[in-house]
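Please look at the sequence and the model first.

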Amino acid sequence: MDKQQIIKNILMTPEFQEVIKEIRDNQLNRIIYSNEDEANEREKAYVRVKTIDELMSTLESISKDGEIKSKSWKIL
């Protein structure tokens, strides 16, 4: 099994999706429920949310890379 397939399998598991959603939601809640004077904490949580989003985008891109390549050969 290659890296692409392993990542695709991980992304498809409900447990993984649940954990990622929980981590992301926790950070969003830190932003929503922070006090007015906790701008630094909100900024940290925002950076974490963006990091999670970037990680998921990268993993999804890797998992779909083979599909894109195989379709591009069909066009040619």
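The sections below go from the whole chain to single residues.

## Basis of the model

This is a predicted model, in which local features need pLDDT of at least 70, side-chain atom pairs count only at pLDDT 80 or more, and totals for chains, interfaces and linings use all residues. Residues are numbered from 1 along each chain as its sequence is written, and side-chain values use heavy atoms, with hydrogens and water left out.

## The whole chain

The protein chain holds 3 helices and 0 strands, in the order α-α-α from the N terminus. Helices (H or I, at least four residues) and strands (E, at least two) are DSSP runs, numbered from the N terminus.

Of the chain's 76 residues, 13% are buried. Buried stands for under 20% relative accessible area, exposed for over 50%, and partly exposed for what lies in between (1.4 Å probe, protein chains only). The accessible surface is about 6200 Å², and carbon and sulfur atoms supply 57% of this surface; such areas come from the Shrake-Rupley method with a 1.4 Å probe, and for residues only the protein chains shown count as cover. Among contacts (heavy atoms within 4.5 Å) with a separation of 6 or more, 60% link residues 24 or more positions apart.

## The nonpolar core

Which residues make up the largest nonpolar core? This core has 5 residues in all: Ile7, Leu11, Ile20, Ile52 and Met56. Two elements, α1 (3-12) and α3 (39-75), each give two or more residues to this core. A nonpolar core is a set of buried Ala, Val, Leu, Ile, Met, Phe, Trp, Tyr and Cys residues joined through side-chain atoms within 4.5 Å.

Leaving aside residues up to four places away in sequence, Ile7 touches Leu59, Ile62 and Ser63.

## Packing of α1 and α2

Two packed helices are described by the angle between their axes and the distance between the axes. For α1 and helix α2 (residues 14-32), the angle is about 70 degrees and the axes are 5 Å apart. The two helices, α1 and α2, are therefore roughly perpendicular, a term for angles of 65 to 115 degrees. Axes are lines fitted to C-alpha atoms, for helices over the stretch in contact, and angles run from 0 to 180 degrees between N-to-C directions.

On the α1 side, Ile10, Leu11 and Met12 make the contact, and on the α2 side Pro14, Phe16 and Gln17. These residues divide into 5 nonpolar, 1 polar and no charged. Phe16, in helix α2, counts as partly exposed at 22% relative accessibility. Beyond four places in sequence, Phe16 touches Ile10, Leu11, Met56 and Leu59.

Gln5 is in helix α1 and is partly exposed, at 32% relative accessibility. Its C-alpha lies 6.5 Å from that of Ser63, although Gln5 and Ser63 are 58 residues apart in sequence.

Lys64 belongs to helix α3 and is partly exposed, with a relative accessible area of 45%. Lys64 and Lys8 are 56 residues apart in sequence and 7.8 Å apart in space, C-alpha to C-alpha.

How values were computed
Parallel < 35°, antiparallel > 145°, perpendicular 65-115°, else oblique. Nonpolar A, V, L, I, M, F, W, Y, C, P; charged D, E, K, R; others polar.
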